[in-house]
Amino acid sequence: MERVTPVMMGVVAAALAVVAQAFLWVVPPPAYGLCIVCHGRDFVVWLTGALTGLPVQVAEASSAWPLLTVLGVFLGARYAAAEHGEYRDQWIEPRFTAFFCGMGVMILGLLIMGCPTRLLLRAAYGDPIGATGAVFVLLGVAAATFVMRRRAG
């Protein structure tokens, strides 16, 4: 079997996006990006409404179909790692700390209403909250990189 390259996957994903937009009426808003926090929230809200029948308020992009971004990123990363022989089960130690750090990132992402891309866009438009959030995201990335490099070396 021929190995799937990133270019091939990009072409297939783009073709599927065109088909979804043309035939399934999946039309994201202009300048809509990829956000694990927001898309995860929208998927959970959409799924809750679909399973319970309760009226829920979802983002415009997920009004007709659920946003499967998080599932797609997870499956794509797992497939790519397995394809290149890099996949292995690995536990981050300590698990309890990793769980709550991940939960904290998601909660803070929801509090600032978005991902780093959205923060940068808001900062570019002159929004002080976006600029402040972007600065703190950069500080967080620098601190995490410092800690990880210190642990590795």
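The conversation below turns to the overall fold and then to a single residue.

Author: This is a predicted model, in which local features need pLDDT of at least 70, side-chain atom pairs count only at pLDDT 80 or more, and totals for chains, interfaces and linings use all residues. Residues are numbered from 1 along each chain as its sequence is written, and side-chain values use heavy atoms, with hydrogens and water left out.

Reader: How many helices and strands does the protein chain have?
Author: The protein chain has six helices and zero strands; helices (H or I, at least four residues) and strands (E, at least two) are DSSP runs, numbered from the N terminus.

Reader: What share of the residues is buried?
Author: Of the 153 residues in the protein chain, 15% count as buried, meaning under 20% relative accessible area with a 1.4 Å probe, protein chains only.

Reader: Changing topic, where does Thr69 lie?
Author: Thr69 lies in helix α3, which covers residues 69-83.

Reader: Why does Thr69 count as buried?
Author: Thr69 counts as buried because its relative accessibility is 17%.

Reader: And which residues is Thr69 in contact with, leaving aside neighbours within four places in sequence?
Author: With those neighbours set aside, Thr69 is in contact (heavy atoms within 4.5 Å) with Leu34 and His39.

Reader: What joins the side chains of Thr69 and His39?
Author: A polar contact of 2.6 Å joins these two side chains. The term denotes a pair of N or O atoms within 3.5 Å; within protein, one must be able to donate a hydrogen and the other to accept it, and residues adjacent in sequence count only if both atoms are side-chain atoms.

Definitions and conventions
Buried means under 20% relative accessible area, exposed over 50%, partly exposed in between (1.4 Å probe, protein chains only).
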